[in-house]
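Let's walk through this model together, one question at a time. Have the viewer open as you read.

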Amino acid sequence: MTGWIQALGGFLGRSAETTGYGLVLLARTILSLPHLFSRRRLRDCLDLCFTYCLGSFTVTAVVALFTGMILALNGGDSLASLGQENLIGRIVAISMIREMGPFMTALILTASLGSGIAAEIGTMRVSEEIDALRIMSISPIRFLVLPRLVALTLITPVMTIFAGFIGILGASIVAANNFGVTWIAFSNDALENLSTGDVYIGLIKSVVFGITIATVGATQGLLTKGGATGVGEAARRAVVITFLLVIIQGYYLSWVYLA
Amino acid sequence: MILLENLTKILGGKAILNGLDLQIATGETLVLLGRSGTGKSVTLRHIVGLMTPDSGRVEVLGKEISGHSEEELKFVRSKVGYLFQDGALLNWLTVEENVALPLKEFGKTPTSEINDRVQEVLKEVELDFHGDKFPSEISGGMRKRAGLARALISRPEIVLHDEPTSGLDPISSSIINGLVNRLKSSGITQVLVTHDMHSAFEVADRIALLHEGKIRSLGNVEEIRNSADEAVQQFLDGKIKGPLTQGAIDGVCDSEENGNEAT
Ligand SMILES: Nc1ncnc2c1ncn2[C@@H]1O[C@H](COP(=O)(O)OP(=O)(O)O)[C@@H](O)[C@H]1O
Ligand SMILES: [Mg+2]
């Protein structure tokens with residue numbers, strides 16, 4: 001019994017420590033933003049944006065397409081029983097832009113890029129590359145964390161918008177094929193009922209998610225201990241923690257928006 | 001030049017350094033011996049402020065450095081080159097780019113000058129034909145030499161080597177020993193951590209044996225060879241029984257495991 005309590009205490013203590021470390025890391029990265037405007041950092045950052053987009057493009061497209069199709073199938077089914085299938089457009093558009101798009105994109109980017117950042121920085125930690133940077137008086141925050149954080153903050157909204165489009169496209173195909181809603185009717189209903197607020201909240205979420213993915217990935221990477229096993233563990237933790245944070249942040253941002 | 005005074009460092013609940021005293025004079029090459037996991041790397045890390053002692057003093061080039069911020073450590077670090085165990089090269093940069101990194105990041109040196117300097121140090125470590133390769137495309141020994149080239153590019157006054165010859169074939173080891181001796185003759189102060197007795201005798205001015213967080217024995221090559229200290233003789237002969245392995249065979253297996261993790 002006491003062993004159990006001690007373990008819980010230890011876990012909470014470590015979580016608090018990691019959270020503190022992550023917040024300080026984020027603050028220091030934001031403070032180092034002016035250093036982004038050197039030719040080398042800007043180039044690193046653009047390279048990363050490009051790599052990140054390329055690396056997550058296909059999976060985002062496929063997942064978004066099917067998410068839209070699933071939403072349309074389920075929504076259409078319920079609406080058809082009420083004879084209201086012409087409302088599919090708004091249902092899909094609103095949920096895709098406001099909730100599912102940002103959420104789903106965040107999950108994909110966490111699994112592909114967040115874990116990658118943790119593994120990459122974690123490997124550098126255990127092979128003493130981070131120490132080597134410090135000895136050369138190159139700040140790992142400016143050199144590694146800053147370009148990754150900025151790149152993810154930029155590409156998460158871009159991928160989210162892309163996912164939204166593809167999702168709505170998928171939904172319109174299902175609406176037309178399965179429920180006989182024409183493409184015009186579908187898009188009119190979608191556009192008429194989608195407010196700029198919906199678009200904004202979707203984008204705000206995606207920016208917050210992007211910052212979270214990069215910060216958690218970098219934190220876990222920098223805190224990596226103990227060789228190759230440690231690197232795997234860092235990547236796993238980055239994914240789990242980011243998932244939890246994304247879903248909680250998503251709820252509260254929607255709550256604030258709808259209040 | 002380098003002064004370690006009564007250093008204590010507790011890691012993972014164990015006093016890894018426990019009142020360590022060591023002085024290294026300007027231009028001297030000191031070899032630090034010790035079993036795996038005795039804290040040799042930890043000692044080197046203290047010299048460049050990668051670790052701060054729990055108590056004691058670290059003085060480098062006449063400056064007290066323990067407890068200073070990264071910003072304040074810049075001066076000392078600019079004078080120190082550090083060769084990490086596996087070179088610690090960035091894997092997305094070529095050998096040349098890795099070696100040029102310390103100069104490029106600060107943007108004060110003109111590019112043509114950087115390129116000349118890179119070629120010069122690569123030649124020094126006999127890697128001038130491999131500059132365009134990535135770290136994954138060269139052997140472990142070459143990675144170490146590339147790490148050394150990077151350490152040398154900013155013309156350090158002190159070079160710290162962490163196991164420069166471990167895992168290398170005898171010929172690669174000889175190349176490294178030759179390099180260390182050349183740095184020595186150009187007046188650079190060096191601390192070299194190794195298990196490789198051949199290499200130690202070839203390069204050392206003085207040899208120190210680290211055991212239980214302290215310097216157990218210290219002397220020049222002759223003194224260490226003829227040392228009356230059983231621990232030194234045990235280390236030189238690689239005997240299983242002796243002061244370094246108190247606590248019988250269990251202790252041996254135990255510390256070997258630790259060693260793998262630590263190195
Ligand atoms: N950052 C650290 N955290 C906890 N323990 C450490 C750390 N660094 C080293 N140690 C421990 O200190 C001991 C000495 O390590 P090290 O100096 O790397 O040994 P070696 O003499 O083989 O170079 C080892 O037992 C290692 O596990
Ligand atoms: Mg070591």
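Q: In what order do the elements of chain A run from the N terminus on?
A: This is a predicted model, in which local features need pLDDT of at least 70 and side-chain atom pairs count only at pLDDT 80 or more, while totals for chains, interfaces and linings use all residues. Residues are numbered from 1 along each chain as its sequence is written, chains are lettered from A and ligands numbered from 1 in the order in which they are written, and side-chain values use heavy atoms, with hydrogens and water left out. Chain A has 8 helices and 0 strands, where helices (H or I, at least four residues) and strands (E, at least two) are DSSP runs numbered from the N terminus. The order is therefore α-α-α-α-α-α-α-α.

Q: What percentage of the residues in chain A is buried?
A: The C-alpha atoms of chain A fill a box of roughly 70 × 60 × 35 Å along the principal axes. Buried means under 20% relative accessible area, exposed over 50%, and partly exposed in between (1.4 Å probe, protein chains only). Of the 259 residues in chain A, the buried share is 45%.

Q: How are helices α1(A) and α5(A) oriented to each other, roughly parallel or roughly perpendicular?
A: Axes are lines fitted to C-alpha atoms, for helices over the stretch in contact, and angles run from 0 to 180 degrees between N-to-C directions. Helix α1 (residues 2–31) of chain A packs on α5(A) at about 90 degrees, with the axes 10 Å apart. Angles under 35 degrees count as roughly parallel, over 145 as roughly antiparallel, 65 to 115 as roughly perpendicular and the rest as oblique. The angle therefore makes α1(A) and α5(A) roughly perpendicular.

Q: Which residues of α5(A) make the contact with α1(A)?
A: Contact means heavy atoms within 4.5 Å. On the α1(A) side, the residues are L25(A), L26(A), R28(A) and T29(A). Their partners in α5(A) are I141(A), V145(A), L146(A) and L149(A).

Q: Which residues does P140(A) contact, leaving aside neighbours within four places in sequence?
A: P140(A) is part of helix α5 of chain A and counts as buried, at 15% relative accessibility. Its C-alpha atom is separated by 9.9 Å from that of T29(A), although P140(A) and T29(A) are 111 residues apart along the chain. The contacts of P140(A) are I130(A), R134(A) and V145(A).

Q: What is the phi of S137(A)?
A: Most residues other than glycine have a negative phi. S137(A) sits in the loop between α4 (129–135) and α5 (140–179) of chain A, and at 18% relative accessibility it counts as buried. Although S137(A) is not a glycine, its phi is positive, at about 55 degrees.

Q: Is R155(B) buried or exposed?
A: R155(B) has a positive phi of about 50 degrees although it is not a glycine. Its place is in the loop between α5 and β7 (158–162) of chain B. At 57% relative accessibility, R155(B) counts as exposed.

Q: What is the handedness of the crossing of α5(B) and α6(B)?
A: The axes of helix α5 (residues 140–152) and helix α6 (residues 170–185) of chain B come within 11 Å and cross at roughly 15 degrees, so the two are roughly parallel. K144(B), R145(B), L148(B) and L152(B) in α5(B) meet I175(B), I176(B), L179(B) and L183(B) in α6(B). A crossing is left-handed if the near helix is turned anticlockwise from the far one by less than a right angle, and right-handed if clockwise. For α5(B) and α6(B), the crossing is left-handed.

Q: Which residues does E124(B) touch, not counting those up to four places away in sequence?
A: E124(B) lies in helix α4 (residues 111–124) of chain B. At 29% relative accessibility, E124(B) counts as partly exposed. The residues that E124(B) touches are L152(B), L179(B), R182(B) and L183(B).
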